[in-house]
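Welcome, and please take a moment to look over the sequence and the 3D view. A short tour by topic follows.

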Amino acid sequence: MSQKFYIETWGCQMNDHDGERLAGLLEKQGYEAVGSSAEADLVLLNTCSIREKAVHKVHSELGRLRKEKEQRPLMIGLTGCLAQQEEEALFKRAPQIDFVLGTMALQQLPKVIEEVQAGRKRVIDTGEYPDNHLFPPEVARRRSTAKALVTIIEGCNHACTYCIVPTTRGVERSRPWQDIVAEVKGLVARGYKEVELLGQNVNSFAGGCTFSDLLWRVSEIEGLEWIRFTTSHPMNFTEELARTLVTNPKVAPFLHLPVQSGSNAVLKRMLREYTVEQYLERLGFLGEGRSKLALSTDFIVGFPGETDADFQATMDLLEAVKYDISFSFIYSPRPGTAALRLRDDLPPKVKSERLRILQARQMELTRASNDAFIGRTLQARIESEGPIENGAWLARTADWRNVHIASGPARLLPLGERVSVTITGAGPHQLFGELA
Ligand code: SAH
Ligand code: SF4
Ligand code: F3S
């Protein structure tokens with residue numbers, strides 16, 4: 001009987017895709033995927049450590065698995081960013097872990113498992129394998145058939161003072177553009193019509209051409225309909241890329257450009273390398289095209305030393321740009337980061353109140369942005385395998401809005417298909433529509 005595995009993944013799309021790669025490696029070894037940890041002989045916790053909350057989730061899952069392991073044989077492996085960050089210390093805190101595998105050593109998974117099976121305790125590989133990012137393209141077992149995640153660059157050469165990612169993902173390593181084009185061609189041949197190109201900072205892609213060139217090369221692949229990408233650092237957002245985003249019909253009209261704060265003093269302490277004015281100048285590269293795409297960002301509130309005026313500057317920026325969507329977080333101190341040295345004496349209550357104010361205003365802006373679509377007919381790709389709440393199917397527009405499509409009970413909408421939808425209503429989190 002074959003061994004069964006279950007992977008639980010937290011964090012960003014890149015970690016999600018690493019989970020798909022790990023699943024592919026295990027299937028190659030003869031393991032079989034199952035739907036829950038209760039059915040598995042091997043559980044991988046593919047972790048995130050971007051904020052303290054993400055780490056808590058891992059430890060509570062580890063606590064649950066410890067009890068399971070007392071009842072039956074179970075191998076537990078820790079992968080992802082927390083594995084890379086904490087290394088051996090994890091075994092002390094959670095002795096139920098059999099192995100720790102770092103983000104730059106994914107391909108060592110079979111070897112590490114073999115060592116555990118041979119009876120070795122506390123097996124760890126958090127080494128930096130210089131060819132880890134050249135992951136064989138045909139291995140990954142993608143979970144969604146609607147959209148394929150494709151990593152193009154790993155690591156980050158920036159040094160934002162709050163951020164753990166340079167520690168957990170190392171310096172930038174780009175895949176050669178030819179490998180990426182070949183992988184996407186293979187995906188399209190298997191029926192995928194949409195890809196999302198991934199990197200901690202896709203704009204600094206250096207796999208033999210610029211990121212903008214890469215988008216053009218990928219867009220030439222026949223049968224591919226939409227290309228998405230995430231994430232972009234504003235300082236690497238070029239005029240060339242802005243032009244491509246606005247003019248290439250296959251590049252989905254959505255830009256996530258994290259600003260973090262509207263205060264220059266805070267941006268400086270964050271070491272974001274730009275001022276608000278420079279950020280706005282870069283948005284200006286989009287020109288008239290700006291109105292045709294949805295704009296998204298990330299904010300951190302309650303960064304050490306953030307005054308009322310600093311926070312007001314963030315609210316002013318939100319008002320000036322009118323983001324279609326934004327993701328906002330309270331600053332979370334991360335081990336080993338430079339921001340730990342800054343005095344953080346803002347009461348937690350003030351931080352959560354600022355977050356509440358920002359999110360409430362964003363909700364209104366998103367609602368207004370969604371309202372503008374009522375009555376229009378849009379293209380959207382079906383992302384649910386069946387009807388979700390209220391019998392509607394879930395689809396996503398080119399500019400990343402969720403649409404709930406009321407289809408009527410007789411109509412089956414195939415996952416991954418692009419359909420025309422007439423928008424009949426809007427809320428802060430989704431549009432409502434009918435097949436056109
Ligand atoms: N590479 C991406 C960011 C990845 S992390 C970029 O530079 O845009 C995603 C988001 O998490 C960041 O944009 C930031 O808003 C938030 N974040 C990162 N570290 C954080 C921390 N220590 N506390 C709170 N939020 C954080
Ligand atoms: Fe972190 Fe900054 Fe790099 Fe983004 S650019 S991953 S926030 S260090
Ligand atoms: Fe989390 Fe690592 Fe991604 S810290 S957000 S899983 S790069």
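Let us begin with E87, whose place is in the loop between α3 (81-86) and α4 (89-93); helices (H or I, at least four residues) and strands (E, at least two) are DSSP runs, numbered from the N terminus. The phi angle of E87 is near 45°, a positive value in a residue other than glycine.

This is a predicted model, in which local features need pLDDT of at least 70 and side-chain atom pairs count only at pLDDT 80 or more, while totals for chains, interfaces and linings use all residues. Residues are numbered from 1 along each chain as its sequence is written, chains are lettered from A and ligands numbered from 1 in the order in which they are written, and side-chain values use heavy atoms, with hydrogens and water left out.

**Domains and backbone**

- The chain is assigned domain 1 (4-125), domain 2 (132-371) and domain 3 (377-435), with bounds that come from an automatic or database domain assignment.
- Between the C-alpha centres of domain 1 and domain 3 there are 35 Å.
- A cis peptide bond, with omega near 0°, runs from T230 to T231, and T231 is found in the loop between β11 (226-230) and α9 (239-247).

**Ligand 1**

- Around ligand 1 there are 15 residues, of which Q200, P258, Q260, D298 and S332 come nearest; a residue counts as near if one of its heavy atoms lies within 4 Å of the molecule or strand.
- By class, this shell has seven nonpolar, four polar and four charged residues; Ala, Val, Leu, Ile, Met, Phe, Trp, Tyr, Cys and Pro count as nonpolar, Asp, Glu, Lys and Arg as charged, and the others, Gly among them, as polar.
- β13 (294-301) and β14 each give at least two residues to the shell around ligand 1.
- A backbone N or O atom of Q200 lies 2.8 Å from a nitrogen atom of ligand 1.
- Polar side-chain atoms also approach oxygen atoms of ligand 1, at 2.7 Å for Q260 and 2.6 Å for D298.
- Taken alone, ligand 1 exposes 540 Å², and the protein buries 88% of that; accessible areas come from the Shrake-Rupley method with a 1.4 Å probe.

- The largest share of the lining, seven residues, comes from α13.
- Domain 2 and domain 3 both give residues to the lining, so the second largest pocket lies between them.

Methods
A polar contact is a pair of N or O atoms within 3.5 Å; within protein, one must be able to donate a hydrogen and the other to accept it, and residues adjacent in sequence count only if both atoms are side-chain atoms.
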